[in-house]
Amino acid sequence: PWREPTAAVHATSGELLVADPAAGVVRVIVEDRPVAVLPMPPDLASGVAEFSTATAWSPSSLARGLDGSVLVGDPARRRLDRFTPDPKRAAGAWSWIERVDLGGEPLAPRAMVETADGIVLVDGDTDRLLEVRTAEEGPEVRVLDDAEIPGGWGRPMDLAVAEDGRLFVADADRHRVIRLDAEGRYLGAFGERGPFPGLFQDPVGLDLVGERLLVSDRLNHRISIFDLEGRSQ
């Protein structure tokens, strides 16, 4: 049974993945039926972790990778893992690829997106946004500056990235969506607290479908749709 589903993502393979950290699994849904779960990362499954196998993994955030993979964040264990569908096995079968190197930083990935330049993630411990880029010497970690953003990041809960690199940040504390360009510069924000169309009460999830931005508005119990300039659709 479902216990506490916290994130869902449609993989490029067509399957729906749903994170359920209370159950310690990511379920794979095919044609509306749960058919499998992602394999637990091998270092956790082998008992290397200090936790019991029942609670060794708490996957709570998901993001599509650029190569068809899926990133799975476990902020409780401060880890980010990459999985890919296994074409040699039955539908719903996925394989663990790697634990993503975050440059030695003890980051708790609350949300993340992969861009052409690297992985942008929200650190759930500090409410910071960071970009992790791969380099020959090892990962380079850059903290995105929020000095020009009125009120700072607030409580960033989710991220989405457009094809041109623009980044969208759901700020639950200030009931808004922050817009950044591909270099992380502030472009503006839209939304404020309220029950009416175009307003939010605790926006916690984002997804992009073409030129439409979908915002999961928790306390208004709805999904709101905007264009990439922040105009309500």
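## Terms and basis

Helices (H or I, at least four residues) and strands (E, at least two) are DSSP runs, numbered from the N terminus. The model is predicted, so local features need pLDDT of at least 70 and side-chain atom pairs count only at pLDDT 80 or more, while totals for chains, interfaces and linings use all residues. Residues are numbered from 1 along each chain as its sequence is written, and side-chain values use heavy atoms, with hydrogens and water left out.

Thr115 is part of strand E9. With a relative accessible area of 18%, Thr115 is buried (under 20% relative accessible area; exposed is over 50%, partly exposed in between; 1.4 Å probe, protein chains only). Neighbours within four places in sequence aside, Thr115 has contacts (heavy atoms within 4.5 Å) with Leu66, Val120, Glu131 and Val161.

Gly152 sits in the loop that runs between strand E12 (140-143) and strand E13 (156-161). Gly152 also counts as buried, at 10% relative accessibility. Apart from neighbours within four places in sequence, Gly152 contacts Asp146, Arg176 and Ile178.

## Second largest pocket

A volume of about 190 Å³ is found for the second largest pocket. Of its 15 lining residues, Arg82, Glu114, Ile119, Val132 and Thr134 are the closest to the centre. Strand E9 (109-115), strand E10 (118-123) and strand E11 (128-133) are the elements that give two or more residues to this lining.

On a 1 Å grid over the protein atoms alone, a pocket is an open set of points where a 1.4 Å probe fits, with protein on both sides within 12 Å along at least five of seven lines; lining residues have an atom within 4 Å of a point. Grid points are joined across faces, edges and corners, and the volume is the space filled by probe spheres set on the points.

## Aromatic contacts

The whole structure holds four aromatic pairs (ring centres of Phe, Tyr or Trp, its six-membered ring, within 6.5 Å; planes under 30 degrees apart are stacked, over 60 edge-to-face, the rest tilted). One of them, Phe190 with Phe226, is tilted, at 4.9 Å centre to centre and 45 degrees between the planes. Phe190 belongs to strand E16 (residues 186-190) and Phe226 to strand E19 (residues 222-227), so this pair ties together parts 36 residues apart in sequence.

Phe190 is buried at 9% relative accessibility, and Phe226 is buried at 1%. Phe190, Phe200 and Phe226 are linked into a cluster by ring pairs.
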